[in-house]
Amino acid sequence: MEVFQNLVRGPDGITVLSVCYLILRIAMPVMAMFIMIRCGKSLLGFRREPEVWAWLRMPTGNLLPVTHWENLIGRKKTADIVLDFATVSKNHAVLTRKDDGSWKVTSIGGRGNIEVNGTQVMTGNVEYGDTISLGGLELTLEPVSKEEARLQSDARTKAGKGHSPGLTLVLLTLFQMMVVTAFVMYPTEHRNTILTAYGILVGVEWTLFIGQKLIKRSGFEVETVAFFLMTIGLGVAASANPANMFKQLISMGIGLVIFLVLGVFLRNLDKAKKLRYVAAIAGIVLLAANLVLGRNINGSRNWIYIGSFSIQPSELVKICFVLAGASTMDQIVTRKNLLSFVIYTAFIGGCLVVLNDFGTAAVFFVGFLAIAFLRSSSYPNVALIFVGIGLAAVMVLTAVLAIRNIPHVQERFSGYGHIWSHVYDNKGYQQTRSLICIASGGIFGLGLGRGWMQVMAGAGASDTDLVFAFVSEEWGLLMACMMVVALAFLGLFVARSAKVGRSSFYTIGATAAISMLLVQAMLNFFGTVDFLPLTGVTFPFVSNGGSSMMCCWGLLAFIKACDTRQNASFAVKLSEKEVEKA
């Protein structure tokens with residue numbers, strides 16, 4: 001009875017209002033779980049049906065399916081089209097489908113020659129009915145028949161089937177109404193700000209949903225996960241500094257523009273791949289500007305201020321990095337492309353080291369590994385392993401040197417693992433307070449706006465680096481875990497979709513994007529609970545930070561583009577037949 005009284009005791013004792021507030025605190029995480037279960041079932045429950053785009057007829061008459069837009073052909077078992085013949089190299093050629101439906105074949109250093117209709121080529125266009133000779137083995141390219149295409153289309157999983165995204169969005173809207181109610185049940189001078197901010201969020205998500213329905217797209221689970229995390233993020237801003245709510249919404253708006261523009265560009269892979277040079281140059285310019293104009297804050301010189309407006313260029317460089325890396329490494333595994341990408345990565349890593357932003361450098365390093373090793377199918381890729389180890393060694397060595405010369409880095413590393421011996425100094429103050437707040441929040445939290453994290457851990461990091469503890473204290477540990485589950489669902493979705501991805505560009509881009517988001521979340525969480533030293537990175541979509549919000553929405557476009565379910569992604573063109581069926 002005493003425990004119940006403590007739970008429901010409001011500012012004026014046990015009242016009907018405080019009892020209703022208790023019910024609301026319990027109902028919110030339950031609703032969040034229900035939303036995530038629906039999103040998870042839809043994202044992870046689809047059948048992984050590979051799409052057949054053409055056939056290669058063997059001399060024996062057997063047909064080999066061509067299931068991607070870029071297909072590595074060779075003797076190696078990891079090739080997309082395996083030819084177990086002694087005259088065929090492990091990695092012999094790449095068969096590529098263009099946006100207009102035509103094909104080309106490219107040699108990647110096979111021991112035997114490549115011939116198209118008897119003419120030796122390094123790169124040659126291939127029409128249906130043409131003969132491709134690889135090391136003396138002749139293959140004939142044949143189209144998919146209309147009946148086969150129809151059966152394949154009918155068999156593909158329809159986005160939203162059995163788990164209506166519209167109903168899930170309705171539940172998310174109800175959850176957001178619960179959040180607003182929890183904030184305004186007790187008197188607050190920021191009531192109008194909170195009501196307006198959440199009203200804008202609801203309006204934006206429904207506008208985006210209706211817009212996608214108008215263009216015959218029925219998949220909205222990826223966006224729903226992002227808006228769910230943003231709902232919690234706005235709540236953090238409302239508790240920490242309500243004025244930041246509108247800044248976050250503006251950043252979300254800019255991020256959504258990036259999300260939609262990238263999605264449109266990704267519909268045409270030929271154009272998207274040409275953007276790699278623009279993306280690479282943009283990344284270099286952003287980091288160069290950061291080196292010249294960056295302001296030192298908390299030991300890291302990664303912010304540029306223009307009046308009262310601030311931007312963190314390294315966050316936007318993540319989008320450029322994924323775009324440049326995915327289009328450079330898309331199955332055409334030549335030494336030139338490998339070397340150019342390694343040099344570009346080394347430049348970014350070097351700039352981040354100079355800026356003392358080691359947490360972001362670690363995120364980029366994971367992105368590099370995801371891009372470089374996703375299609376490890378030739379000897380040049382083996383060299384990347386040594387390059388990756390070398391980059392890691394440089395990062396570790398630089399970090400060690402930084403410990404000796406940069407006070408805030410030294411404090412974080414020297415306090416790591418024994419923060420309770422440094423409860424009152426900078427080596428352990430923030431993390432010990434974080435753990436105390438996590439424990440005090442319990443399963444259902446103290447209530448929105450009622451936490452002490454802002455006061456105990458300091459306003460500078462409670463809603464950014466330590467946001468997991470902030471959410472745990474006010475919203476409860478169960479809700480904080482839902483943040484992790486939401487990103488985990490996106491990661492599992494990409495892992496399932498990657499194997500049947502239409503293009504390696506989509507697969508590599510999505511894998512790199514989700515890898516960076518997941519590692520960023522892990523560094524944030526593990527740093528908060530002292531499993532790792534604090535790195536100063538944000539939790540995707542939740543932590544306060546405009547540049548981070550823009551980056552997260554940009555990376556989400558790559559995840560959206562890898563959705564192979566029928567009528568799911570606006571980043572993939574629909575055939576005339578699919579438009580009619582939709």
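A salt bridge is taken here as a side-chain nitrogen of Lys or Arg lying within 4 Å of a carboxyl oxygen of Asp or Glu. By this criterion the structure, which is a predicted model, holds six salt bridges. Side chains of opposite charge can pair when their charged atoms come close.

One of these salt bridges joins the side chains of Glu51 and Arg502, with an N to O distance of 2.8 Å. Because Glu51 belongs to the loop between helix H2 (16-44) and strand S3 (54-57), whereas Arg502 belongs to the loop between helix H17 (477-498) and helix H18 (504-528), the pair ties together parts of the structure that are 451 residues apart in sequence. Both partners, Glu51 and Arg502, are buried.

A salt bridge is also formed between Arg57 and Glu142, whose closest N and O atoms are 2.6 Å apart. Here Arg57 lies in strand S3 and Glu142 in strand S13 (residues 137-142), and the pair therefore ties together parts that are 85 residues apart in sequence. With a relative accessible area of 30%, Arg57 is partly exposed, since that class covers values between the limits of 20% for buried and 50% for exposed residues.

A further salt bridge connects Asp563 with Arg565, in which a distance of 2.7 Å separates the closest N and O atoms. Asp563 and Arg565 are both buried, and together with Glu221 these two residues are linked in a network of salt bridges.

Key. Residues are numbered from 1 along each chain as its sequence is written. This is a predicted model: local features need pLDDT of at least 70, side-chain atom pairs count only at pLDDT 80 or more; totals for chains, interfaces and linings use all residues. Side-chain values use heavy atoms; hydrogens and water are left out. Helices (H or I, at least four residues) and strands (E, at least two) are DSSP runs, numbered from the N terminus. Buried means under 20% relative accessible area, exposed over 50%, partly exposed in between (1.4 Å probe, protein chains only).
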